[in-house]
Amino acid sequence: MSNYDFDLIIIGAGPGGYVTAARAAKMGLKTAIVEKDNWGGVCLNVGCIPTKTLLKGSKVFHYIENADKYGVAIKDKKNIEINWKVMQDRKAVVVKSLTGGVGFLMKSNKVEQLLGIGSAIDKNTILVKDKDGKEKKYTTKYMIIATGSKVKMFDNTNGPQGLSEKDLKTNQKLLTSNEILSLKEVPKTLTIIGGGVIGIEFACLFSTLGTKVTIIEYLDRILALLDEDISATLTKILEKNGVNIITGHIVNELKDKTLTYYAATDKEHKKPLTVTSDYCLLSTGRTPITEGFTNLGIQIKPNQAFAVNNKLEVLDANNNVIDNIYVIGDANGQRMLAHVASTQGLAALNNILVKEGRTDADNNPLKEQEVDYNKMPSCIYSFPEVASVGLTENECKSLGKEYLMKKIPFTINGKALADGETDGFVKIIIDKKYGEILGAHILCSTATDIIAEIVNIMQTEGTIVELASSCHPHPTMSEVVMDVAQDLELEWYKVNKK
């Protein structure tokens with residue numbers, strides 16, 4: 001392709017980076033990937049995978065504690081113990097297996113692995129500094145930045161005063177999602193600052209294991225970006241399970257184990273409130289990592305992410321394209337989800353191949369791709385699970401869309417009743433005129449698996465008619481999707497009957 005050392009260098013071996021690197025190599029590009037420490041990035045090492053592994057352990061414990069309702073009598077529940085060390089050991093085995101698999105994937109596809117911290121010298125040259133401090137330069141025709149994100153801290157004068165990087169180092173009771181995964185024992189009490197996705201998952205994990213959990217959220221509800229029905233129902237379920245949820249409050253200071261917080265309306269901090277717990281988990285989001293690449297003249301957005309266009313190409317301060325550099329994943333701040341990063345990476349690779357004049361199997365020129373974030377699902381591994389795609393009902397209203405909506409609970413579903421998993425519902429929103437699916441929101445024990453079929457319908461530009469006519473196996477939780485779709489289809493026909 002060129003006289004450069006590589007056709008493509010990818011910086012960061014997270015879900016976006018390693019998936020793209022393997023595909024690029026298979027497509028014949030001389031590819032290298034730079035990684036400073038952990039293959040698989042945050043997701044495989046201190047995010048999605050270890051969290052879900054521990055959540056599985058807590059769910060097994062939940063089933064044992066509730067075995068009586070399934071007809072399994074446990075005579076002495078006092079002797080049922082949580083072996084946290086075994087749970088942690090299992091987590092380590094799962095993580096090691098997957099990260100090792102990423103390394104093997106790179107090797108088997110002949111992707112050059114450059115171990116160290118990557119930074120840009122210019123738009124075609126990367127500097128890699130290894131753990132011993134040795135530096136080496138590599139040239140590349142194309143570059144994909146996939147540097148990911150880090151936990152958002154409050155190192156600013158306008159934010160909470162006792163929750164900075166310094167406090168994280170000096171107060172062992174203040175944790176981020178990284179440290180909490182390595183606790184030596186299950187805490188008796190835990191305060192979670194932030195009622196977003198990460199906070200809710202940890203609330204489910206530890207409350208199920210017997211921890212007294214308190215969530216403090218600044219906004220008026222947890223999971224504020226999700227559909228209100230999801231937020232309201234999950235709030236009730238969490239509170240029923242003993243989680244104390246405090247909304248409309250902001251934290252201010254942590255001294256040893258005592259956290260001070262105020263009502264969001266108490267601007268002058270006249271009425272301090274406190275909560276004391278074994279640990280405080282700071283779970284207020286993540287910040288894109290841009291260090292090492294700011295010298296390229298890439299525009300930085302207000303959320304501290306690199307600016308890209310809809311083809312993942314980076315933009316300079318004047319919104320001009322730097323046409324050989326792409327940014328994927330958390331570093332571009334679009335949607336901080338592993339599967340979104342992978343989708344972006346493959347789209348960026350496709351667009352590189354377009355520039356190289358590649359053709360498809362029928363020898364037709366490849367077409368440029370854009371990522372439709374409205375068709376990107378999001379998942380929360382709470383108890384029960386949450387999965388969403390597309391617009392919420394409030395978003396439909398704010399956009400002035402004319403829509404139809406139907407929601408059916410799992411209390412009418414045979415499989416849910418048989419499993420004893422009746423909490424939750426399926427909610428689907430469609431365009432009133434065309435029957436196009438605008439959004440879907442599912443709360444149930446298998447929501448994260450069920451959502452995929454709705455994503456597929458949306459991706460292939462199907463309507464509620466196609467979803468309603470799809471045969472769903474019986475008995476399954478997915479039948480509620482069919483029930484909702486069939487009711488919506490009938491309503492849509494009535495509205496549009498001429």
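Biologist: At what angle do helix 3 and helix 7 pack, and how far apart are their axes?

Modeller: This is a predicted model. Helix 3 spans residues 48-65 and helix 7 spans residues 197-208. They pack at an angle of about 40°, with their axes 9 Å apart.

Biologist: Is the crossing of helix 3 and helix 7 left-handed or right-handed?

Modeller: Take the angle of about 40° between the two helices. Helix 3 passes helix 7 in a crossing that is left-handed.

Biologist: Which residues of helix 7 make the contact?

Modeller: Helix 3 brings Thr51, Lys52, Leu54, Leu55, Ser58, Phe61 and His62. Facing them from helix 7 are Glu201, Phe202, Cys204, Leu205 and Thr208.

Biologist: How many residues of each class does the contact of helix 3 with helix 7 have?

Modeller: Leu54, Leu55 and Phe61 of helix 3 are among the contact residues, as are Phe202, Cys204 and Leu205 of helix 7. By class, the contact has 6 nonpolar, 4 polar and 2 charged residues.

Biologist: What is the strand order in the open sheet of 3 strands?

Modeller: Pairing in this sheet is antiparallel. Strand 12 and strand 14 (273-276) are the edge strands, each pairing on one side only. Neighbouring strands are turned by 30° against each other on average, direction ignored. The order is 12-13-14.

Biologist: Over how many bridges do strand 12 and strand 13 pair?

Modeller: Strand 12 covers residues 249-255 and strand 13 covers residues 258-263. Val251 has Tyr261 as its bridge partner in strand 13. Glu253 stands opposite Thr260. The antiparallel pairing runs over 6 bridges.

Biologist: Which residue takes a positive phi in the hairpin of strand 12 and strand 13?

Modeller: The hairpin has 2 residues between the strands. One of them has a phi near 55°: Asp256.

Biologist: Which residue forms a salt bridge with Lys427?

Modeller: The structure holds 15 salt bridges. In the one formed by Lys427, the closest N and O atoms are 2.8 Å apart. The partner is Asp227.

Biologist: How many residues apart in sequence are the parts that Lys427 and Asp227 tie together?

Modeller: Lys427 lies in strand 22 (residues 425-431). Asp227 lies in the loop between strand 10 (212-217) and helix 8 (228-240). The pair therefore ties together parts whose separation in sequence is 200 residues.

Biologist: How far apart are the end C-alpha atoms of residues 376-483?

Modeller: An unreviewed UniProt entry annotates this stretch as "domain: Pyridine nucleotide-disulphide oxidoreductase dimerisation". The chain here is 33% helix and 29% strand. Its end C-alpha atoms are apart by 23 Å.

Definitions and conventions: Residues are numbered from 1 along each chain as its sequence is written. This is a predicted model: local features need pLDDT of at least 70, side-chain atom pairs count only at pLDDT 80 or more; totals for chains, interfaces and linings use all residues. Side-chain values use heavy atoms; hydrogens and water are left out. Two strands pair if DSSP finds at least two bridges between them. Helices (H or I, at least four residues) and strands (E, at least two) are DSSP runs, numbered from the N terminus. UniProt positions are given in the numbering used here, feature names are shortened, and annotations may be inferred rather than shown by experiment. Axes are lines fitted to C-alpha atoms, for helices over the stretch in contact, and angles run from 0 to 180 degrees between N-to-C directions. A crossing is left-handed if the near helix is turned anticlockwise from the far one by less than a right angle, and right-handed if clockwise. Contact means heavy atoms within 4.5 Å. Ala, Val, Leu, Ile, Met, Phe, Trp, Tyr, Cys and Pro count as nonpolar, Asp, Glu, Lys and Arg as charged, and the others, Gly among them, as polar. A salt bridge is a side-chain nitrogen of Lys or Arg within 4 Å of a carboxyl oxygen of Asp or Glu.
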